[in-house]
Amino acid sequence: MLNMNFSERVVIDTQQQPWLPSPAQGVWRKPLEREAKESGHTSSIVKYDAGSQFATHKHPLGEEIFVLEGVFSDENGDYPAGSYLRHPPGSQHAPFSQEGCVILVKLNQFNPRDLDVVKINTQQTPWLQGIGGLQVMPLHEFEHEHTALVKWPKGETFQPHRHFGGEEILVLSGKFQDDQGEYPRHTWIRSPHMSGHFPFVEEETIILVKTGHLPISTIQP
């Protein structure tokens with residue numbers, strides 16, 4: 001297991017991590033959290049070399065993807081940087097990349113009743129006005145789970161707050177900050193249920209945020 005105690009805060013600067021080989025030639029990954037070696041609850045940054053592919057595989061409890069660089073593809077289409085994808089429980093596909101890509105992948109973390117297929121090109125989706133100077137782009141919600149992009153203008157400060165059901169952040173651009181530290185591009189932060197912080201930025205920053213999805217009372221070893 002890796003980082004499967006959801007009562008602990010985890011911060012990983014993925015740019016400082018080495019790429020590790022996957023079972024597919026030309027596909028590399030940086031593990032963030034993992035229940036088992038090739039199954040169960042898993043989150044990773046994954047890199048496809050140009051021309052690489054991964055064998056057809058199933059998603060017993062869903063797959064969530066955000067394309068960070070390049071173009072990710074499968075038999076259903078091509079997805080450029082900024083694409084947000086959700087493949088529901090029971091789905092399968094055969095992914096590949098002709099030019100190469102880097103993606104965030106989250107496996108087997110869906111509610112079994114969350115069956116929506118989601119395909120959003122965030123580069124072509126309008127921002128909505130959020131609190132203060134923040135701009136928000138909702139991507140998905142199911143019951144208490146919410147996923148969105150949040151754009152912080154230079155110098156923006158948000159009020160101190162707590163996270164019911166936890167919070168997970170991937171910094172997409174700029175540098176995110178709070179009272180506990182500084183987080184450059186591609187830093188992954190997972191904060192447990194009812195954790196709190198006081199976030200702010202000094203430069204324009206965009207983050208991918210998921211809230212309300214972590215265990216509330218069950219602590220896994």
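Entry 1, aromatic rings. I checked Trp152 and Phe158 in this predicted model and found both buried. I then counted ring pairs and got 5 aromatic pairs. Trp152 and Phe158 make up one of them, an edge-to-face pair with 6.2 Å centre to centre and 65° between the planes.

I looked next at Phe176 and Tyr183. Their ring centres are 6.2 Å apart and the planes stand at 35°, so I logged the pair as tilted, because planes under 30 degrees apart would count as stacked and over 60 as edge-to-face.

I found the charged end of Lys30 over the ring of Trp19, at 4.4 Å from the ring centre. I also found the charged end of Arg86 over the ring of Phe110, at 4.0 Å from the ring centre.

I located Ser52 in strand S5, which covers residues 52-53. Is Ser52 buried or exposed? Its relative accessibility is 6%, so I put Ser52 down as buried. I followed the side chain of Ser52 to the backbone oxygen of Asp49, which it reaches at 2.6 Å. Leaving out residues up to four places away in sequence, I listed Gln25, Gly26, Val27, Phe96 and Ser97 as residues that Ser52 touches.

Key: Residues numbered from 1 in each chain as written. Predicted model: local features only at pLDDT ≥ 70, side-chain atom pairs only at ≥ 80, totals over all residues. Heavy atoms only, no water. Phe/Tyr/Trp six-rings, centres within 6.5 Å; stacked < 30°, edge-to-face > 60°. Buried < 20%, exposed > 50% of the residue type's maximum accessible area, 1.4 Å probe, protein only. Lys NZ or Arg CZ within 6 Å of the ring centre and 35° of its normal. Helix = DSSP H or I, 4+ residues; strand = E, 2+ residues; numbered from the N terminus. Polar contact = N/O pair within 3.5 Å; in protein donor to acceptor, adjacent residues only side chain to side chain. Contact = heavy atoms within 4.5 Å.
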